[in-house]
Amino acid sequence: MDVLTTPQERDKGWYLALMAPNIKGPPYAWLDPSRLYCNQQALQDCVEDLIRPFQNDTIDLVAGIDAMGFVLGLRVLVVDQWVETGGTMKAAVTLIEREGGTVAGIAAICIEDTAGGRQIKEKYKCSTCVPEFLQPQFNNKYLESFKTFGTQCNKPK
């Protein structure tokens, strides 16, 4: 899909096909979402999909995993690009809770179906952009849409 193309029918997760395989980076960063930032509608739809489950919740603060600090004693929505093993997210949650904050929920483009991802989903209200029918592709770290990029991307065995 061309990065600037916006389809007329925009189902949840339509923008996931814009993400390219990360063929140069470390294996844990297998998907590059930076192309989302090039398409205003894609980024807007991604954010709307992420926050939809929390629209009626009281959220005092949104904490990005890469944020430099927190203001706590508040209800915090923790946001990260990706949850693979859950280690980084668990560390962020521990920090927030240790400092007196309450985790109101977790939002990420994808929470993989790993032991850590399942623990997070069981304990916290979560939001992702990945429709159920695409989750197995994300868990296998290979999207069928990668075929359109024409790059060498090894399909997992």
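Mentor: Reading from the N terminus, the elements go β-β-α-β-β-α-β-α-β-α, which gives four helices and six strands. Keep in mind that this is a predicted model. Of the chain's 157 residues, 39% count as buried. Among contacts with a separation of 6 or more, 62% are between residues 24 or more positions apart.

Now to the sheet. Four of the strands make an open sheet, ordered S3-S4-S5-S6, with parallel pairing. S3 and S6 sit at the edges, each pairing on one side only. Helix H1, residues 40–51, packs on this sheet and touches S5 and S6. The direction of H1 makes about 140° with that of S5. H3 packs on the sheet too, where it touches S4, S5 and S6. For H3, the angle with the direction of S5 is again about 140°.

Let's go strand by strand. S3 covers residues 61–64, and its parallel pairing with S4 runs over four bridges. If you want to find this pairing on screen, look for Val62, whose bridge partner in S4 is Leu77. Gly64 has its own bridge partner in S4, namely Val79. On to the next pair: S4 and S5 run parallel and are joined by eight bridges. Here you can pick out Trp82, which has Cys110 in S5 as its bridge partner. To get from S4 to S5 the chain passes through H2, and this β-α-β crossover is right-handed.

As a general point, side chains in a regular strand alternate between the two faces of the sheet.

Let's finish on H3, which spans residues 115–123. Which residues of H3 are buried? They are Gly116, Gly117 and Ile120. These residues lie on the same side of H3, because the arc they cover around the axis is only 100°. And what covers them? The cover includes strand S4 (75–83), helix H2 (87–98), strand S5 (102–111) and strand S6 (126–127).

Terms used. Residues numbered from 1 in each chain as written. Predicted model: local features only at pLDDT ≥ 70, side-chain atom pairs only at ≥ 80, totals over all residues. Heavy atoms only, no water. Buried < 20%, exposed > 50% of the residue type's maximum accessible area, 1.4 Å probe, protein only. Helix = DSSP H or I, 4+ residues; strand = E, 2+ residues; numbered from the N terminus. Arc of directions from axis to C-beta. Contact = heavy atoms within 4.5 Å. Pairing = 2+ DSSP bridges. Right-handed = clockwise from strand over helix to strand, strands pointing away. Axes fitted to C-alpha atoms, helices over the stretch in contact; angles between N-to-C directions.
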